[in-house]
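Hi,

Here is the structure I promised to pass on.

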Amino acid sequence: MLDRTLPGINNLKHIVVLMMENRSFDHMLGALHATNPAIDGLAGSETNPDSTGVPVAVSPTAEYQSQLDPDPDHHFPAVDLQIFGGVTTAQNPNRAPNMQGFVKSYFNQEANLGHSHMIMNYFTPQMLPCLTGLATEFAVFNQWFSSIPGPTLCNRAFAHWGTSFGQVSMDVFYWNKQYLSIYERLVAAGNTTRLYYYDEASSSLEVVNLLQNQPSLFGTFQDFLDACKNNQLPQYSFIEPNYTDHDAPDGSGELIACDQHPDHDVRAGEQYIATVYNAIRNNPNLWPNTAILVVYDEHGGIFDHVPPPSCTPDGFVAQPSATGTPDAFHFDRLGVRVPAILISPWVQRGSVINDVFEHASIPGTVTEYFIGQYDNRSPREKVANTFLQYLNLPAQRADSDCPTFS
Amino acid sequence: MDPIHVPGPPKEAFNKNRRVSDLIRAQVNHLKHVESRLPPNLRQGIPQHPIVTEDDAARYIAPMTRLLRAQATAAPQSAAASSGPTLVPSAAAPVPAEQGLKPAASASQGKIAARRKGPAKKSATSKPSQLKPKRKKQ
């Protein structure tokens, strides 16, 4: 039960979630282990065998662009290989995740031995000043896992609905099912909410469910910035990045993708995260009463060393025809770990959170805070950990104690 | 605490001719599915160029998004309907599917074409002001 007497909780009026694309925890934040051993990152000795059996070690040589082209496979069968190293249930019904199949999986795409090793690369903190700055200045989650060992849309569904309704792929059609999205719940309870996509040319990934059925839930990123500036931020905001490189419609320039999805330049995403943060941080009417969660939807096929844990079954089953493997999936284990950071002036600097989270924690947290008791939710969401209890400082951190980005 | 500098991407990082990823392909296929269920008069204004690159995708996604967003003002009875900066609920019940375009079991209709043709009409998207995401054309 959330302690609402905590001043950070008592002051909280807004929750903002920014969900980026397709990077694993170790790839983005793993290097922080060297300066803070409490962060479950990389020791530098982690390896994966390549297709010839030679161990390939992790390497701090990730580049902003061009190393992960083609886009590493992160559909269900590929992620199964990445997590279980190629051991099937036919070979071992009690197989355990060993995170030994990432190089093999990437090799499968182009049969290029040298290139397959790049899936083990990770960034140094100096290359990602925004993400690592936020992780060290606020709270970083050691165990935030994607909800499904699969691709983007079914994982993002957990952030919106607390479930993917049995889907493990990119074809997600579940409007008017038994559970309402977090946005519908909030509206029904008299709260304000909005999903902000970058612009009309990038749009939302929630096309067939929310965008076509409830278009008034949406706004552009400029609408988000204006809402911050004019003190009209909804109680709950979900922000999507720009998913494509495209021309500005008035011909004035180029709008570069900022989702960090391979092979988009990671620096554009760094600046996007900084822009969202600054819009809150620089408004004294918002900063004391807003919690920001920066999280990635899934790992994008990139190496992470932490085996995903089992979890409460979701009540759905994806048959082998859907998983693309010999086995059905019962939604009883999580996907690969992703970066996640909780930001608020009420969060202790350098916090490292060790409880297990997944994307169902997002609607779980928002529902708990703004609605309270609400039963008609997926089994996964009902038991998912919520994260506002980390806004637990007795006094708000001074402005001079919280970073800004330029 | 001094501001932390966040470097931006170089100009050459921008490549609107990059082939679309599986993610964008899925997004476009979903929009194609929605488009296939539109009445003919609404479909007339939607560009039908082959979609191979991110630029192709953006030039298709923008008018489809505008069309879907227009439903918000065309159907103010929606539980979520509001044109203001924040969403103020007007009803307690969720919107039944009939008020929007009905989903189906598959988005297999309208797969992305494999070849690229000439450019279509430019979209009219708004331009968010970010840290430094947009560069003037040289």
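Predicted model: local features only at pLDDT ≥ 70, side-chain atom pairs only at ≥ 80, totals over all residues.

Starting with chain B: read along the sequence, its pattern is α-α-α-β. That comes to three helices and one strand, where helices (H or I, at least four residues) and strands (E, at least two) are DSSP runs numbered from the N terminus. Of its 138 residues, 37% count as buried; here buried means 20 or more other C-beta atoms within 10 Å of a residue's own, exposed means 12 or fewer, and partly exposed is in between, with C-beta atoms placed from the backbone. Among chain B contacts between residues at least 6 apart in sequence, 68% join residues at least 24 apart (a contact means C-beta atoms, placed from the backbone, within 7 Å).

Residues are numbered from 1 along each chain as its sequence is written, and chains are lettered from A and ligands numbered from 1 in the order in which they are written.

**The sheet in chain A**

Chain A has an open sheet of eight strands with mixed pairing, in the order β6-β5-β7-β1-β10-β11-β4-β12. Two strands pair if DSSP finds at least two bridges between them. β6 and β12 (351–357) of chain A are at the edges with a single partner strand each, so one side of each has no neighbour in the sheet. On average, neighbouring strands are turned by 25° against each other, direction ignored. (Axes are lines fitted to C-alpha atoms, for helices over the stretch in contact, and angles run from 0 to 180 degrees between N-to-C directions.)

On one pairing, β5(A) runs parallel to β7 (residues 236–239) of chain A over four bridges, with A:T193 opposite A:Y236. β5(A) also pairs in the parallel sense with β6 (residues 218–220) of chain A, over three bridges, and there A:L195 has A:F218 as its bridge partner.

β5(A), helix α9 (residues 207–213) of chain A and β6(A) form a right-handed β-α-β unit (right-handed: with the strands pointing away from the viewer, the path from the first strand over the helix to the second runs clockwise). In the loop between β5 and α9 of chain A you'll find A:S202, which is buried, with 31 other C-beta atoms within 10 Å. A:S202 touches A:Y197, A:N242, A:Y243 and A:T244, leaving aside residues up to four places away in sequence. A:S202 and A:N242 are 40 residues apart in sequence but 5.6 Å apart in space, C-alpha to C-alpha.

Elsewhere in the sheet, β4 (residues 139–144) and β11 (residues 340–343) of chain A pair in the antiparallel sense over two bridges, with A:A139 opposite A:L342. Helix α10 (residues 221–229) of chain A packs on the sheet, touching β5, β6 and β7 of chain A, and its direction makes about 85° with that of β6(A).

**Helices and core**

How do α6 and α11 of chain A pack, and at what angle? Helix α6 (residues 129–137) and helix α11 (residues 266–281) of chain A meet at about 45°, with their axes 8 Å apart. That makes α6(A) oblique to α11(A), because under 35 degrees counts as roughly parallel, over 145 as roughly antiparallel, 65 to 115 as roughly perpendicular and the rest as oblique. The residues in contact are A:C130, A:L131 and A:L134 of α6(A) with A:E270, A:I273, A:A274 and A:Y277 of α11(A).

In helix α4 (residues 102–110) of chain A, the buried residues include A:F102, A:V103 and A:Y106. Their cover includes β2 (47–49), β3 (55–57), α3 (76–84) and α5 (113–116) of chain A. Just after α4(A), A:A111 takes a positive phi of about 55°.

Finally, the largest nonpolar core has 145 residues, and A:V17, A:L18, A:I341 and A:L342 have the most contacts inside it. Such a core is a set of buried Ala, Val, Leu, Ile, Met, Phe, Trp, Tyr and Cys residues joined through C-beta atoms within 7 Å. A:L18 touches A:I239, A:I273, A:V276, A:I292 and A:V294, again not counting residues up to four places away in sequence.

Cheers

Conventions: Contact = placed C-beta atoms within 7 Å.
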